[in-house]
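Work through the following exercises with the sequence and the model side by side. Try each task before you read its solution.

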Amino acid sequence: MSERNTHELLQENQKLRELAARLEAERIELEEQNTNLANLYVASYRLHSTLDRAEVLAGIQEIIINLVGSEELTVWELDHEVPRLAAAVGVEAERFDELPEDARRRIDECMRSRQLWVRDGGAVAAEPLTACIPMIVDDRPTGAIAIFRLLQQKSGLDAVDRELFGLLATHAATALYCANLHATGTAVM
């Protein structure tokens, strides 16, 4: 075999290795996307599988804990335009009296503006609020989900988290709204 043929075979071998590496990276990315889609489906199903208010709130909490990675969250509802704490995980109700005015204002603004708020990556980590998700039904704000500190192993929020926040903005709100209607006996079955 000539030196030229050997060189050509080595180059072809290198190209095939690069192609195999690219295909493996694409396969891993597709697996991650499939996992993310499955998680979004499970989250949506979990929210809409019951009309029991406590179960819906538990579903919201499980989604934030297991899929977002935070064990410190609150769920707020607007009750005649007044924010009311509906549920809290990892945060004692008394702590809200100690929340900095910035965090309180952000939660209130998130509910009223219907705009997602996420702390900038460069923001001071000592700030208690990481994200605030407005809950919206029929283009009306119904409350918000406030996420405080992330789990230690989670360095920040990514695109999948933001997609999940979009799902929660409508699906959590709708599920909670329906559960509230059902609890008051105004829902028609």
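**Exercise 1. Decide whether I64 is buried or exposed, and list what surrounds it.**

Solution. Begin with the accessibility: I64 has a relative accessible area of 0% and therefore counts as buried, where buried means under 20% relative accessible area, exposed means over 50%, and partly exposed lies in between, with a 1.4 Å probe and protein chains only. Then look for its partners: leaving out residues up to four places away in sequence, I64 touches G69, S70, L73, I133, I145, I147 and L168, and contact here means heavy atoms within 4.5 Å. Finally, compare with W76, which is twelve residues from I64 along the chain, and whose C-alpha atom is separated from that of I64 by 14 Å.

Before going on, note that this is a predicted model, in which local features need pLDDT of at least 70 and side-chain atom pairs count only at pLDDT 80 or more, while totals for chains, interfaces and linings use all residues. Residues are numbered from 1 along each chain as its sequence is written, and side-chain values use heavy atoms, with hydrogens and water left out.

**Exercise 2. Describe the order of helices and strands, and the overall dimensions of the chain.**

Solution. Count the elements first: the chain has four helices and five strands. Reading along the sequence then gives the pattern α-α-β-β-α-β-β-β-α. For the dimensions, the C-alpha trace spans about 85 × 45 × 25 Å along its principal axes. The radius of gyration, taken over C-alpha atoms, is 23 Å, whereas a compact globule of 189 residues would have one near 16 Å; the globule rule is 2.2 Å times the number of residues to the power 0.38.

**Exercise 3. Find the aromatic pair and explain why the pair is called stacked.**

Solution. The structure holds one aromatic pair. The ring centres of Y41 and Y45 are 6.3 Å apart and the ring planes stand at 25°, so this pair is stacked. The rule behind that word is that rings of Phe, Tyr and Trp (its six-membered ring) pair if their centres lie within 6.5 Å, and that planes under 30 degrees apart count as stacked, over 60 as edge-to-face and the rest as tilted. Now look at the sequence positions: Y41 and Y45 are four residues apart in helix 1, residues 3–48, and are thus separated by about one helical turn. Check the surface as well: Y41 is exposed, with a relative accessible area of 58%, and Y45 is exposed at 54%.

Then turn to S44, which is also found in helix 1. S44 is buried, with a relative accessible area of 16%, and, leaving aside neighbours within four places in sequence, S44 is in contact with L167 and H171.

**Exercise 4. Locate H80 and R114, and state what their phi angles are.**

Solution. Take H80 first: its phi is positive, about 55°, although H80 is not a glycine. H80 sits in the loop between strand 1 (73–79) and strand 2 (82–89), and at 74% relative accessibility H80 counts as exposed. Move on to R114, a residue other than glycine whose phi is also positive, near 65°. R114 lies in the loop between helix 3 (101–113) and strand 3 (117–118), and R114 is partly exposed, with a relative accessible area of 32%.

**Exercise 5. Characterise R162 and L181 in helix 4.**

Solution. Helix 4 covers residues 159–184 and contains R162. R162 is partly exposed, with a relative accessible area of 45%, and R162 touches L116 and V118 when residues up to four places away in sequence are not counted. L181 also lies in helix 4 and is partly exposed, with a relative accessible area of 29%. To finish, consider a distance: L181 and V68 are 113 residues apart along the chain, and their C-alpha atoms are separated by 28 Å.

Notes. Helices (H or I, at least four residues) and strands (E, at least two) are DSSP runs, numbered from the N terminus.
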